[in-house]
Amino acid sequence: MSEDARFGLDKTVRLLGPLRLDSGAELAPVDIAYETYGTLNDDGSNAILICHALTMDQYVASTHPITGKGGWWTGMVGPGKPVDLDRYFVICANVIGSCLGSSGPATVNPATEKPWAMEFPVLTIADMVRAQALLLDHLGVEKLHSVIGGSMGGMLAVSWAAIYPDRVKTAIIIASAARHSAQNIAFHEVGRQAIMADPRWRGGDYYADDDPPSSGLAVARMAAHITYLSEEGLTEKFGRRLQDRDAKTFGFDADFQVESYLRHQGISFVDRFDANSYLYITRAMDYFDLAETHGGTLANAFKGSKTRFCLISFDSDWLYPTSESRTIVHALNAAGAAASFVELSSAFGHDSFLLENAEMNGIVDGFLKAGEGV
């Protein structure tokens, strides 16, 4: 196992495909960047797929090569953690359409030998899942002990259970939804328009000059970041406190701490993310509606499913409020699928799923261990 070149950190595989997309287009070849952690047991029954959120990546429990920071979910994934690397074999793949090594607008189109840019085909969440399935085939993983994801990762996880029910033993869906609401779409559109209004976007053809639309992408990130937080959390952290000054400047500098914080979030984001990828992934999320692809009835997506589901929401999350998780639970109940659900209290809004949370960790730990003997 340790000598298998398919397993380990910073891996990329080129799969010939073609991958047929929901748009009718075909993508070939399909590059997927991924990492694996832990050891796959002899019967392959301990594999867990971690699905990342919009701006995350495959570096779930390792050092990020660009930022130098630790993995984005080290509170959840690691030795002795709920997703215990001494117990489970963990896979985390960069979704297609993203910019950390998987096929996307920033990668080279073999037909032109230039970056795809806006010629890259428009994707859906289901397309991303089918690409991940190709990766699992490559790794020799026939069935997952669990698929786990928060936010967009939760959309991927619930789609996994709907598209490949025989390959998913359990699914953990955190702070997510079965479709994007009008409000979600609206916020994404503000971000996309900020990017496309940046003169440096140039219709997406900015790669050759290495002069990306950083200003537009930073504004998009700032707007999105507000939705990840809660009013209570913002008030507690910043209130109306001034930033490194005793009085207002009566100008348009960052007088308030919260303004400085958002500007920092925007500036730091552009160093690790591609603007075109942001357009493609947000569009995939906006198109997501699991009921729509199952005759308009969400329960149809889970009919006959033997997958066990665990859903977790947070009471301060207004981006994907608890009502969205309840909608999935009601559909699971209607389909006769096994489901457990809990709403946790947190002051940190949507981002709560990324933060250390003893209750969430305990739920995930118990749910995964309970499924080992099933």
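Reply: Contact here means heavy atoms within 4.5 Å. The model is a predicted one.

Start with helix 1 and helix 2. Helix 1 covers residues 125-139, and helix 2 covers residues 152-163. Their axes lie 9 Å apart, at an angle of about 70°. Angles of 65 to 115 degrees count as roughly perpendicular. Helix 1 and helix 2 are therefore roughly perpendicular to each other. Their crossing is right-handed.

Now the residues that touch. Helix 1 brings Ile125, Ala126, Met128, Val129, Gln132, Ala133 and Leu136. Helix 2 answers with Met152, Met155, Leu156, Ser159, Trp160 and Ile163. Of the residues in this contact, 11 are nonpolar and two are polar. The contact of helix 1 with helix 2 has no charged residues.

Ala117 is buried, with a relative accessible area of 2%.

Glu113 also has a positive phi, about 60°, and is not a glycine. Glu113 belongs to the loop between strand 9 (108-109) and strand 10 (114-115). Its relative accessibility is 68%, so Glu113 counts as exposed.

Helix 4 passes helix 6 in a right-handed crossing. On the helix 4 side, the contact includes Leu217, Arg221 and His225. On the helix 6 side, Tyr261, Arg263 and Phe269 are among the residues met. By class, this contact of helix 4 with helix 6 has eight nonpolar, three polar and two charged residues.

The loop between strand 3 (26-27) and strand 4 (30-37) holds Pro29. A cis peptide bond joins Ala28 to Pro29, with omega about -10°.

Last, the cysteines. A disulfide needs two cysteine sulfur atoms within 2.5 Å. The count of disulfides is zero. For Cys51, the closest cysteine sulfur is in Cys92, 7.6 Å away, and that is too far for a bond. Cys51 is buried, at 1% relative accessible area. Cys99 is in no disulfide either, as the nearest cysteine sulfur, that of Cys92, is 14 Å away. Cys99 counts as partly exposed, at 23% relative accessibility.

Terms used. Residues are numbered from 1 along each chain as its sequence is written. This is a predicted model: local features need pLDDT of at least 70, side-chain atom pairs count only at pLDDT 80 or more; totals for chains, interfaces and linings use all residues. Side-chain values use heavy atoms; hydrogens and water are left out. A crossing is left-handed if the near helix is turned anticlockwise from the far one by less than a right angle, and right-handed if clockwise. Helices (H or I, at least four residues) and strands (E, at least two) are DSSP runs, numbered from the N terminus. Ala, Val, Leu, Ile, Met, Phe, Trp, Tyr, Cys and Pro count as nonpolar, Asp, Glu, Lys and Arg as charged, and the others, Gly among them, as polar. Buried means under 20% relative accessible area, exposed over 50%, partly exposed in between (1.4 Å probe, protein chains only). Axes are lines fitted to C-alpha atoms, for helices over the stretch in contact, and angles run from 0 to 180 degrees between N-to-C directions. Angles under 35 degrees count as roughly parallel, over 145 as roughly antiparallel, 65 to 115 as roughly perpendicular and the rest as oblique.
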